[in-house]
Amino acid sequence: MAQNKPQRPLSPHMSIWKWEIHAITSIFHRITGDGMALLGLPMLVWWLYAVSAGPEAYETFHGFASSWVGMIVLIGLTYAFFQHLGSGLRHFVMDVGAGYQVDTARTTAFSVFVFAIIATAAFWLFLFR
């Protein structure tokens, strides 16, 4: 006869996993990389095409980019760039063996978000000054 063993997940399951800033930073690193590839690359190609196709094509692109939807997309891509950059630099430091202490890892993970927000705001304030 089979013994009645408690049903436990084989690995940490989402229902018992504690969402730490380290995990959130890692997930955001993946999301921002995918977002830049899936949304940023088509925007870049559209812009390059518009520049090479002439004034009418560029006006179409500029009309979208300067609309409220376009601004949200561009600001989002800027945030994604700085978030991905900060997280990549954090991983680079960790790849050389530094920053694995719990407090240091937590601080650097939180700092990535602060850096991305400040850098995005500074970039767009510089553009609109």
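Reply: Let's start with a sorting rule: Ala, Val, Leu, Ile, Met, Phe, Trp, Tyr, Cys and Pro count as nonpolar, Asp, Glu, Lys and Arg as charged, and the others, Gly among them, as polar. Keep in mind that this is a predicted model, where local features need pLDDT of at least 70 and side-chain atom pairs count only at pLDDT 80 or more, while totals for chains, interfaces and linings use all residues. Residues are numbered from 1 along each chain as its sequence is written, and side-chain values use heavy atoms, with hydrogens and water left out.

Me: How do the residues lining the largest pocket divide under that rule?

Reply: Ten are nonpolar, two are polar and none is charged.

Me: What makes something a pocket, and which residues line the largest one?

Reply: On a 1 Å grid over the protein atoms alone, a pocket is an open set of points where a 1.4 Å probe fits, with protein on both sides within 12 Å along at least five of seven lines; a lining residue has an atom within 4 Å of a point. The lining here is Gly40, Met43, Leu44, Trp47, Phe61, Ala65, Leu74, Leu77, Thr78, Phe123, Trp124 and Leu127. Two or more of them come from each of α1 (21–53), α2 (55–65), α3 (68–95) and α4 (102–127), and α1 has the largest share, with four. These helices are DSSP runs (H or I, at least four residues), numbered from the N terminus.

Me: How much space lies in the largest pocket?

Reply: About 250 Å³, where volume is the space filled by probe spheres set on the grid points.

Me: Why is Thr78 called buried?

Reply: Buried means under 20% relative accessible area, exposed over 50%, and partly exposed in between (1.4 Å probe, protein chains only). Thr78, in helix α3, has 12%, so it is buried. Leaving out residues up to four places away in sequence, Thr78 touches Thr120, Phe123 and Trp124; touching, or contact, means heavy atoms within 4.5 Å.

Me: Why does Gly40 count as buried?

Reply: Its relative accessibility is 18%, which is under the cut-off, so Gly40 passes. Gly40 sits in helix α1, and beyond its neighbours within four places in sequence it is in contact with Gly35 and Leu77.

Me: And what about Ser87: why is it buried?

Reply: Ser87 comes in at 0% relative accessibility, so the label holds. It's in helix α3 and touches Thr25, His29 and Val112, not counting residues up to four places away.

Me: Is Trp68 buried or exposed, and how do you know that?

Reply: Exposed, because 66% relative accessibility is over 50%. Trp68 lies in helix α3, and its C-alpha is 14 Å from that of Trp124, 56 residues apart along the chain.

Me: What makes us say that the buried residues of α2 share a side?

Reply: The buried residues of α2 are Ala57, Phe61 and Ala65. They cover an arc of only 75° around the axis, so they're on the same side of α2; the arc is that of the directions from the helix axis to the C-beta atoms.

Me: Which residues make up the largest nonpolar core, and what makes it a core?

Reply: A nonpolar core is a set of buried Ala, Val, Leu, Ile, Met, Phe, Trp, Tyr and Cys residues joined through side-chain atoms within 4.5 Å. The largest one has seven: Met43, Ala50, Ala57, Phe61, Ala65, Val73 and Leu77. At least two come from each of α1, α2 and α3, and α2 gives the most, with three. Val73 touches Leu39 and Met43, leaving out residues up to four places away in sequence.
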